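Visitor: I would like to learn how to read a fold from its strands and helices. Could we work through an example together?

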Amino acid sequence: MYTPERDQDLRWMRHAADLAALCPPAAGAYSVGAVIVGMNGEELAAGYSREADPHEHAEEAALAKINSNDPRLAEATMYSTLEPCSQRKSPRTPCAQRIIASGIPRVVIAWREPSLFVDDCVGYELLVEAGVSVLELPELAAAAKAANAHLGQLP
């Protein structure tokens, strides 16, 4: 599993925040960036919300760019500026479930999902229950929230 030094986690999360800034703003959705990093510290895939589809989430976009059978996923880390969703308004699979199914063993987030669209996001808890190591970098929450200024004041 890719378990870098803290400065590398911060660097990859800043990259994810830069991706979040590319999201087309949407009144009813967060702008999120995600990066999948392999065991050797190489970027395997990256994506951002609404990159190719108005209902696409960042983690979903990143996972779509790598073969689901790629053995590197078993040792990768997913960096996401927001806690992976545990439920969706659209009929798509929630991102926490996608990550679990991918076999990615480590997820790093900058910010837990507030109750703006979902009353109780439990993506963090679902990942942990499935054996995924989850790390939160609260010092980068402001950077993650910056891409979401279109939503107004966020907690």
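Visitor: Which strands form a hairpin, and what marks the turn?

Guide: In this predicted model, where local features need pLDDT of at least 70, side-chain atom pairs count only at pLDDT 80 or more, and totals for chains, interfaces and linings use all residues, β1 and β2 form a hairpin with five residues between them, and G41 in the turn has a positive phi of about 80°. Residues are numbered from 1 along each chain as its sequence is written, and side-chain values use heavy atoms, with hydrogens and water left out.

Visitor: How many bridges join β1 to its partners, and in which sense does β1 pair?

Guide: Strands of a sheet pair through backbone hydrogen bonds, either parallel or antiparallel. Two strands are taken to pair if DSSP finds at least two bridges between them; here β1 and β2 run antiparallel and are joined by five bridges, while β1 and β3 are also antiparallel, over four bridges.

Visitor: Are the faces of β1 covered or open?

Guide: In a regular strand the side chains alternate between the two faces of the sheet. For β1, both faces are covered, with G33, V35 and V37 buried on one side and A34 and I36 buried on the other, where buried means under 20% relative accessible area with a 1.4 Å probe, counting protein chains only. Five of the five residues of β1 are buried, so β1 is largely enclosed by the rest of the structure.

Visitor: What is the order of the strands in the sheet?

Guide: The five strands make an open sheet in the order β2-β1-β3-β4-β5, with mixed pairing. Its edge strands are β2 (43-48) and β5 (133-136), each of which pairs on one side only, and the twist from one strand to the next averages 15°, taken between lines fitted to C-alpha atoms, with angles running from 0 to 180 degrees between N-to-C directions and helix axes fitted over the stretch in contact. Helix α1 (residues 6-20) packs on this sheet, touching β1 (33-37), β2, β3, β4 and β5, and its direction makes about 140° with that of β1; contact here means heavy atoms within 4.5 Å.

Visitor: Where is R106, and what does its side chain contact?

Guide: R106 lies in strand β4 and is buried, with a relative accessible area of 7%. Its side chain makes a polar contact with that of D9 at 2.8 Å, a polar contact being a pair of N or O atoms within 3.5 Å, of which, within protein, one must be able to donate a hydrogen and the other to accept it, while residues adjacent in sequence count only if both atoms are side-chain atoms. The strand β4 pairs with β5 in the parallel sense over four bridges, and V108 stands opposite L135 in β5.

Visitor: Which residues of α3 are buried, and what covers them?

Guide: In helix α3 (residues 95-102) the buried residues are C95, A96, I99 and S102. They cover an arc of only 125° around the axis, judged by the directions from the helix axis to the C-beta atoms, which puts them on the same side of α3. Their cover includes α2 (58-64), β3 (77-80), β4 (106-109) and α4 (123-129).

Conventions: Buried means under 20% relative accessible area, exposed over 50%, partly exposed in between (1.4 Å probe, protein chains only). Helices (H or I, at least four residues) and strands (E, at least two) are DSSP runs, numbered from the N terminus.
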